[in-house]
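Trainee: I would like to learn how to read a structure from its parts. Could you take me through one?

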Amino acid sequence: PTETSPIGACDHVLLILTDGDITDRQQTIREIVAASQEPLSIIIVGVGEEEFADMEYLDSDKHALVDEDGKAAGRDIVQFVPFQQCKDDLEHLTLTVLKELPFQLLEYYCSKGQRPHA
């Protein structure tokens, strides 16, 4: 059985496989900013030959993700991976897809003043 934290939270990972960029950028940013307060990580794998500029933007490693009302995400919860850069090396793909997950989990629990379960 799986135990949850004292506040009743579970950790969730949303995996999105996409062959194109987003068409509703502001709504997506607003939802990610809101979700950054939850025990959630979003992993986006871009497949195909698209540029994926908006997906790169959502992966806010280089900037804070801020919605149109000026509200910033509480933490970075998005990891974007362009499949074309990793398709010939499955080990590299796996490491790239999962590399931010432990930090995102720890950052969530620390923001709540808690330690993750062992």
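Mentor: What follows goes from the overall layout to the helices, the cores and a few single residues. Keep in mind that this is a predicted model.

Trainee: How many helices and strands does the protein chain have, and in which order do the elements run?

Mentor: The secondary structure comes to four helices and three strands. From the N terminus on, the order is β-α-β-α-β-α-α. The protein chain has 118 residues, and 38% of them count as buried. Of the contacts between residues at least 6 apart in sequence, 77% join residues at least 24 apart.

Trainee: In which sense do E1 and E2 pair?

Mentor: E1 and E2 pair in the parallel sense, over seven bridges. As an example of a bridge, Val13 has Ser41 in E2 as its partner. Between the two strands the chain passes through H1, and this β-α-β crossover is right-handed.

Trainee: Let me look at one residue of E1. What does Leu14 touch beyond the residues up to four places away in sequence?

Mentor: Leu14 lies in strand E1, which spans residues 12-18. Leaving out those sequence neighbours, Leu14 touches Leu40, Ser41, Ile42 and Ile43. Leu14 counts as partly exposed because its relative accessibility is 39%, between the 20% and 50% cut-offs.

Trainee: How should I read the two sides of a helix?

Mentor: The general idea is that an α-helix has 3.6 residues a turn, so residues three or four places apart point the same way. In this structure, begin with H1, residues 25-35, where Thr28, Ile29, Ile32, Val33 and Ala35 are buried. These residues are on the same side of H1 because they cover an arc of only 165° around the axis.

Trainee: Against which elements do the buried residues of H1 pack?

Mentor: They pack against strand E2 (40-46), helix H2 (53-58) and strand E3 (78-82).

Trainee: Which residues of H4 are buried, and which are exposed on the other side?

Mentor: In H4, residues 101-111, the buried ones are Gln104, Tyr108 and Tyr109. Their arc around the axis is only 130°, so they are on the same side of H4. Phe103 and Cys110 are exposed on the other side. The buried residues of H4 pack against E2 and E3. Just after H4 comes Gly113, with a positive phi of about 70°.

Trainee: Gln104 is in that buried group. What does Gln104 touch?

Mentor: Gln104 of helix H4 touches Ser41, Arg75, Asp76, Ile77, Val78 and Gln79, not counting residues up to four places away in sequence. Gln104 counts as buried because its relative accessible area is 2%, under the 20% cut-off.

Trainee: What should I look for in a nonpolar core?

Mentor: In soluble globular proteins, nonpolar side chains tend to be buried together. Here the largest nonpolar core has 16 residues, and those with the most contacts inside it are Ile32, Ile42, Ile44, Met55, Leu58, Ile77 and Val78. H1, E2, H2 and E3 each supply at least two residues of this core. The largest share, four residues, comes from H1.

Trainee: What does Ile32 touch?

Mentor: Not counting residues up to four places away in sequence, Ile32 touches Ile42, Leu58, Leu65, Ile77 and Val78. There is also a second, separate core of six residues, which includes Ile43, Val45, Val81 and Val97.

Trainee: How many disulfides are there?

Mentor: A disulfide is a covalent bond between the sulfur atoms of two cysteines. In this model the count comes to zero disulfides, with a cut-off of 2.5 Å between the sulfur atoms. Cys86 is buried, at a relative accessible area of 4%, whereas Cys110 counts as exposed, at 57% relative accessibility.

Trainee: How do I read a positive phi?

Mentor: Most residues other than glycine have a negative phi. Phe52 has a positive phi, near 60°, and is a residue other than glycine. Phe52 is in the loop between E2 and H2.

Trainee: Is Phe52 buried or exposed?

Mentor: Phe52 is buried, with a relative accessible area of 2%.

Conventions:
Residues numbered from 1 in each chain as written. Predicted model: local features only at pLDDT ≥ 70, side-chain atom pairs only at ≥ 80, totals over all residues. Heavy atoms only, no water. Buried < 20%, exposed > 50% of the residue type's maximum accessible area, 1.4 Å probe, protein only. Contact = heavy atoms within 4.5 Å. Arc of directions from axis to C-beta. Core = buried A, V, L, I, M, F, W, Y, C linked by side-chain atoms within 4.5 Å. Pairing = 2+ DSSP bridges. Right-handed = clockwise from strand over helix to strand, strands pointing away.
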